[in-house]
Amino acid sequence: MTHFSFLDKVSHEIVSQFGDRLSETAIILPNKRARVFLLEALKKQLDQTVFAPDIISIEDFIQDVAGIRNIDSIELLFEFYEVYCSLTPIEKKEEFELFANWGKTLLQDFNEIDRYLLKPDHVFSYLKDIEALKRWDLQPSQTTELIDTHLEFWSRLPDYYKALYLHLKNKGIGYQGLIYREAVENLHYFSESLGDKKLIFAGFNALNQAEEKIIQQLLFNEQAKIYWDIDATFLNDGLHDAGLFIRKFKKEWKQFANQPFEWITNEFSQSKNIKIIGTPKTIGQAKIAGKIIEEIQGKGESLDKTALVLGEENLLLPALYALPNTIESLNITMGYGSKNNPAQILINKLFKLHVNALQRSETSYTFYYKEVLDILTHPLVEPYSNASGVIRIINQNNITFLSQKKFLELNQNTSELFQLLFERWDKDVITVLNRLTAVILNVKSFLGNDSEEEKVAKAFLYSIFKTINKLINFQEKYGQIDSVVMLHSIYKQIIDLAEVSFEGEPLSGLQIMGVLESRVLDFDNVIITSMNEGVFPAGKATNSFIPYDVKRELKLPTYKEKDAIYCYHFYHLLLRAKNVYLLYNTESEGLDAGEKSRFITQLEIEQQPNHTITHQIYNAYLPDKAYEPIAVPKSERVLERLKEIATGKGFSPSGLTSYIRNPIQFYNQRILRISEVEEVEENIALNTLGTIIHGALEELYTPFLNRFLSVENIGEMLGKANGEVENQFREVYKEGDIKKGKNLLAFEVAKRNVFNFLNEEKRLIESGDAVKVLALETPLEQILKDDRLPYPVKIAGNVDRIEQRNGKIRIIDYKTGKVELKNVQLKDWTGLTADIKNDKIIQLLCYAFMYEEQKNGMELEAGIISFKNMRAGFLPFGVKEDKNVDSTISSEVLESFKTEVVSLINEILDAEIPFEEKLE
C-alpha cells in the first residue's frame, strides 16, 4: 500500500465494499479539485463500466443538506447594504463606500459565529459590554456624539445579524456560515431522505462545529463512514500541529469507541530527498522553480506527478513565464487576488483617466498624457488598439494635457477598442458600466485558446466582467450610485473581493496550485514556494471585530488554529512525496520578506532517519568585474561610414568632443545614427532651454545684422524680448504647458537670461563699445588638408554668433550652463584632445579654424558667454604663459591646434584602434 496515494486507497476501499453499486454512494471531499483525480483512481480499480458515485465538495454537500444556495462575497455585501439601509434612519445612513469598510469585516464575523454554531445574541452582547467597559469612567455628561455613535453601532449588531439572516434565508441564498447553521437544523430531514445511500467523507482535517455535528450524526446513524489521512508521526506526537485536529477528533468523538479509526499511515518516515533552497526576492523563486521542473523533465520523468504549490498567489505570472518551453500541458487550479489582475489594473486606469478628466473640466474633458499612455501601453490594449501613431505624436509634440475631442482627432487609424477606451464618460453610471463591459468583451475577442497566456488573460477578464455585471445589477436595483467618482470608490471597495478562480481538470501535465487546492492529493515531486514566516504559515494578521481573548473563550479559531491548518497541509504535501523542494526568500527586509518558515526549521530539528535534507543558497551571479567596457572593432563598413562623414557632412566640433568624452557614444550617434527615444518632456530639459534662448536672441538680433548697434536698437530688443521668448517656447516646446510648476520657472529663467544679456550689451555700448553683428546661428566649414591625414577632412558646424567689436572679429558660443574663465584658458598644447575638460577650448578653436579665411586681416578671438555666469561677461579663449594670457587667435595658435586635431582625427580613422567605452 505504500506506493498508493490516499485517493487510490479510498477508491480501493469503496470498490471492494460496493462493487458495481457505486452509484449508491456519495463521496464528500474537502475541495472540488480532488474529484477528477478520484474518478481516475476509481477507473483503475474497475474492470467493467458502472455508474459513478456522486463526488462532491463539503461546501456543495452542506448546501444540499441546507437547501440554500451560496452567495458570492460581492453580492453578499450589496444584500447586507440593503438590509443596513432598511434598519438605519436616513440621517445616520452611511454611503456604500464607508459602509463597505466595516461591512466586510462584520460579515466575516457573522460567518464565523454561524460556522461554529454560537449564540449570536451572547456574542454581540459580550462585544458591546467590552466596548462599554472601555469607557466605564465617563459620566453621561462627558460622552461625545462620536462615543455615543460608536456604542450605538455595537448595540445594533444583533439587529443587523437577525435582519440579514432572515433576508437571505427568505431568498434561499446565504453566506457559508448561514448555510452551515441551516444544514444542522435541517439534518434530521436530510438524514431521512437519504434512504440506502451511503456517504463517504475522505481526507478531512480541521472541521468547524457545524461540520463536526453533521458528520458525527451521520456516523451515529450509520449512514456515513469517514477516512482520515494522518501519519502516525503526527498523530502520536502530542505537540505536533499537523495532528492537532485529528488527535482531538480521535479522542472526543464517541463513534471511535466502537468503530475503527481509519487510516493511520506510516508514509512520512519513508525515504525522501528534501532540498531547502534560499534565494533573494520572489522572482528568484519563480526562476528556480522553472529550473527544477526543467531538471525533472531532463531525467525523462513525466510531470503528471509533479506539483508546483505557490505559497503566494502573486507568484503565478512570474512562475508561468519561468516555466521551460518544453512543457506541453499544465493545469492551474488556484485563487488569484484582484490586486495584480491585469484586467483589473486596466479598468482602474480607465477610472483614473476619466474621473480626473471630469474633475479637470466637464466641458473640455481634458486627458493627462501619462494616464493616456498608461492605457495605450497596457499589455491587454497595446497589441489591438492601433495607437502607435498617437503615442508618437504625443511624444514629439510634448503634449501633457489635451482635450478628449482633440485626442480622438489625433488618431487617424482608429479602432473600435480605441473609441471604447477614450469616448467621454457620461454621468449616467449604467452607461459607464456598460462601456466597461464592452471594453472587456472587445479585448476578449482578440484572445484565443492557443496559448496558456491567452487562457490566463481570459480568466482575468472574466473575473472583472462578473464584478462589473454585479455593479450593474446593484445600480439597476437600488440606483444609489449618483456619480462616476462614487462609482470608482465603490469599485475600489469591492474589487478586492473579486478573486480570479483558475479551475482546470486535465490529469496530465504539471499541476500548479495554491496551498488549499493541494488537499487530499499526493505527488511524487513537490515544489513549494514562499516558505517564509507571514506567508507559510500566514502569521497573526486577522481582520475581525472579535478580540483574541474572546475568540479563545468562545472556541473560535485564532491564528494558532490557522497555523495548525497550514502545518497539516504542508506535511500532507510531503507525506507521500519522494522529492521535495522548499523555496524561501533569504531577504529579511522588504515587502515580500520574512524569516525562514518554522516548518523548515521543524523538518530540520525532527529529521527522520530516511530523510535526506540538503541546503542551497542561490544568489545572483556576480562577475569578477561589475561591468566590462564595450569595445567595437572598426570593420570595412565602419571605415566607409567614417570616410563618408569626413568627406561629406564633416566632423563637427561637438562630434569631436563626443568622441573624446566616450568613443562608444560617438559610435552610436555618428556611425550607427541611433538617436534618443522621443518621450514627452513634461519638465523643460536644459538643452531645450538652451535652444529657446538661442532662438530668441537670433530673432531679436537678425533685423540689426551688419550694422553697428545703438542703445536704441537694444532698447527695441528689450521691448520685444518677453514676447519672443514665449514664441520660442511655443515653437520648441510645442504643446508643453508653461503656465505652472517647473516649466513656469524655466520660462521666467529664460526671460531673465535674455533680459540680462541685452542689458549687459546695452551697458557695454554705452561705455563705448562699437559692435556690429556679422552672423547668427551660421554654418561654417573648412577642409583640413594635412600630409599626416589619409585624406582631406571637412570640419563643419554651426556658430552661435560672429561679431565685429572694437576692430576685432569675435566668435561667441552661448552656454546655458555655468562656465568659468579657467575652462577656456590653455597652459599646454600637449594632451589637448585627450581630456574632456578641454571640450570648450576645442569647440572654440574649431570655430576659429573654420572662420580664419574670412577674417580679412583682422585680429580674431573666440569665447563663451555663460548665462549662469553673466557677470563675468565674455570669456575669451587664451594661451596662458606664466601670468600673461594672450586671447588673440593667431596663425601660430591655429597651427598648434591643427597638430592636436590631426592626431585626434587619425585616431578616429585608424582601423587598428577600436571604439572603446570610457567608464565615468
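Questions and answers on sheets, cores and aromatic pairs follow.

Me: What kind of model is this, and how are residues numbered?
Reply: This is a predicted model, in which local features need pLDDT of at least 70 and side-chain atom pairs count only at pLDDT 80 or more, while totals for chains, interfaces and linings use all residues. Side-chain values use heavy atoms, with hydrogens and water left out, and residues are numbered along each chain as its sequence is written, from 1.

Me: Which residue of β22 stands opposite glutamine 804?
Reply: Strands β21 (residues 793-805) and β22 (residues 808-815) pair in the antiparallel sense, over 5 bridges. Glutamine 804 has as its opposite residue in β22 isoleucine 809.

Me: Is glutamine 782 buried or exposed?
Reply: Glutamine 782 is found in strand β20. Buried means under 20% relative accessible area, exposed over 50%, partly exposed in between (1.4 Å probe, protein chains only). At 15% relative accessible area, glutamine 782 is buried.

Me: With which side chain does the side chain of glutamine 782 make a polar contact?
Reply: A polar contact is a pair of N or O atoms within 3.5 Å; within protein, one must be able to donate a hydrogen and the other to accept it, and residues adjacent in sequence count only if both atoms are side-chain atoms. Beyond four places in sequence, glutamine 782 touches Val793, Lys794, Ile795, Phe849, Met850 and Glu853. Its polar contact, at 3.3 Å, is with the side chain of glutamate 853.

Me: Which residues touch the most other members of the largest nonpolar core?
Reply: A nonpolar core is a set of buried Ala, Val, Leu, Ile, Met, Phe, Trp, Tyr and Cys residues joined through side-chain atoms within 4.5 Å. The largest one holds 215 residues. Its largest share, 10 residues, comes from helix α20 (residues 452-478). The residues that touch the most other members are Phe61, Phe201 and Phe407.

Me: Why is strand β11 largely enclosed?
Reply: 7 of the 7 residues of β11 (residues 330-336) are buried, so the rest of the structure largely encloses this strand. On one side these are Leu330, Ile332, Met334 and Tyr336. On the other they are Asn331, Thr333 and Gly335.

Me: Which strand do 3 bridges join to β11?
Reply: β11 and β15 (residues 510-514) run parallel, joined by 4 bridges. In that pairing, threonine 333 stands opposite methionine 513. The 3 bridges belong to an antiparallel pairing, with strand β14 (residues 500-502).

Me: How are the rings of phenylalanine 61 and phenylalanine 190 paired: stacked or edge-to-face?
Reply: Rings of Phe, Tyr and Trp (its six-membered ring) pair if their centres lie within 6.5 Å; planes under 30 degrees apart count as stacked, over 60 as edge-to-face and the rest as tilted. These two ring centres are 5.5 Å apart and the planes lie at 80 degrees, so the pair is edge-to-face.

Me: How many residues apart in sequence are the parts that tyrosine 384 and phenylalanine 446 tie together?
Reply: This aromatic pair is stacked, at 4.5 Å centre to centre and 5 degrees between the planes. Tyrosine 384 counts as buried at 18% relative accessibility, and phenylalanine 446 as partly exposed at 37%. Tyrosine 384 lies in the loop between α15 (369-376) and α16 (388-396) and phenylalanine 446 in the loop between α19 (429-445) and α20, so the pair ties together parts whose separation in sequence is 62 residues.

Conventions. Pairing = 2+ DSSP bridges. Helix = DSSP H or I, 4+ residues; strand = E, 2+ residues; numbered from the N terminus. Contact = heavy atoms within 4.5 Å.
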